[in-house]
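Here are some exercises to work through with the model open beside you. Try each task before you read its solution.

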Amino acid sequence: MGGRALVQWEQNRDNAPDSLTVDLYPGGPAPVGGLDEVAFYQVPYTPSTQGADERLDMIARMPSLEVVQLLSAGYEHVLPRVPDHVTLCNGRGLHDASTAEHALALVLAAQRDLPRWAVAQEEHRWDPAPLRSLADRRVTIVGYGSIGQAIESRLLPFETEVVRVASRARPGVHGIDELHALLPETDVVVLVTPLTEATRGLFGAPELALLRDDALVVNVGRGPVLDTRALLAENGRVRAALDVTDPEPLPEDHPLWSAPGVFLTPHVAGGAAAFYPRARAFMDAQLARWAAGEELANVVRPGAHRDH
């Protein structure tokens with residue numbers, strides 16, 4: 001299978017298929033022309049959501065398109081932009097290590113009060129105080145997929161008890177219908193679910209009310225999974241460490257910035273250094289599969305291929 005591909009990075013020349021013409025589009029202003037023959041489009045990945053609409057708007061200008069490749073795990077926001085005949089693939093697995101590292105960092109930063117000590121250092125103030133611990137805490141991971149598994153593997157060496165929750169129960173994993181029964185005995189909740197109609201507002205006032213005082217909620221999934229108003233209403237009774245927020249980007253005057261017990265990072269969990277070489281290697285392999293007419297990896301919605 002041949003054709004024209006539009007991707008973010010240059011391929012490894014040792015693996016580049018001869019039958020495929022590859023053009024580069026790293027993001028930024030959309031190309032003025034040359035999109036009519038694009039059959040394979042890898043939407044440029046950036047840690048920020050800035051410019052996302054323009055990158056997706058280009059899909060409508062690609063009449064020969066057969067495959068849209070995302071490097072994010074989430075894909076629901078793209079579905080309305082992708083025609084039914086086009087196959088959609090995501091970046092499942094590429095962000096596991098990076099996101100899991102960040103989730104662990106957020107948990108440790110919140111448990112050991114690192115933001116407080118950072119401020120004390122800025123003020124040249126020596127102010128020791130008792131600290132929370134991660135050891136012997138019960139951590140409930142809500143969204144036990146590949147990223148959830150990666151988070152668990154990093155939590156267990158810290159002598160934690162990990163409780164797994166997924167959309168449906170399976171051996172060793174609780175179903176989401178059991179979440180309310182689990183929350184009263186939970187010290188840390190890690191949200192890592194995709195955003196769907198079922199997960200929007202999944203963690204709101206009823207769920208927060210079930211948590212014990214000083215429990216911690218970490219969100220490295222999608223902002224709207226956690227009800228922002230409900231979290232603000234807790235007024236610090238339940239703490240939070242958030243890499244994703246609702247709304248996002250967070251407006252400068254939003255009360256979440258200064259909410260008691262809330263620590264924020266600007267949606268950077270998945271885009272650390274570990275992600276990029278994995279993403280490039282994945283794209284090399286995916287383009288080779290496409291050129292050879294083989295089954296693609298990470299297909300989340302099949303389309304009707306047209307042979308070249």
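For sorting residues by class, Ala, Val, Leu, Ile, Met, Phe, Trp, Tyr, Cys and Pro count as nonpolar, Asp, Glu, Lys and Arg as charged, and the others, Gly among them, as polar. Keep in mind that this is a predicted model.

**Exercise 1.** Find the residues that line the largest cavity and sort them by class.

Solution. Start with the count: there are two cavities of 30 Å³ or more. The largest cavity holds about 60 Å³ of space. Next, list its lining: Val7, Gln8, Trp9, Glu10, Gln11, Gln42, Arg280, Met283, Asp284 and Leu287. Helix H8 (residues 275–291) contributes the most to this lining, with four residues. Sorting by class then gives four nonpolar, three polar and three charged residues.

**Exercise 2.** Now do likewise for the second largest cavity: which residues line it?

Solution. This cavity has about 40 Å³ of space. Around it sit Asn219, Gly223, Leu226, Thr228, Leu231, Leu242, Val244, Thr245, Asp246 and Leu256. By class, the lining splits into five nonpolar, four polar and one charged.

**Exercise 3.** Describe how helix H2 (residues 96–111) packs with helix H4 (residues 146–155).

Solution. First take the geometry: the angle is about 50°, and the axes are 8 Å apart. H2 and H4 are therefore oblique to each other. The crossing of H2 past H4 is right-handed. On the H2 side, the contact uses Asp96, Ala97, Thr99, Ala100, Glu101, Ala103 and Leu104, while H4 brings Ser146, Ile147, Ala150, Ile151, Arg154 and Leu155. Finally, the classes in this contact are eight nonpolar, two polar and three charged.

Notes. Residues numbered from 1 in each chain as written. Predicted model: local features only at pLDDT ≥ 70, side-chain atom pairs only at ≥ 80, totals over all residues. Heavy atoms only, no water. 1 Å grid on protein atoms, 1.4 Å probe; cavity = no way out; pocket = protein on both sides within 12 Å on 5 of 7 lines; lining within 4 Å. Points joined across faces, edges and corners; volume = space filled by probe spheres on them. Helix = DSSP H or I, 4+ residues; strand = E, 2+ residues; numbered from the N terminus. Axes fitted to C-alpha atoms, helices over the stretch in contact; angles between N-to-C directions. Parallel < 35°, antiparallel > 145°, perpendicular 65-115°, else oblique. Left-handed = near helix turned anticlockwise from the far one by under 90°. Contact = heavy atoms within 4.5 Å.
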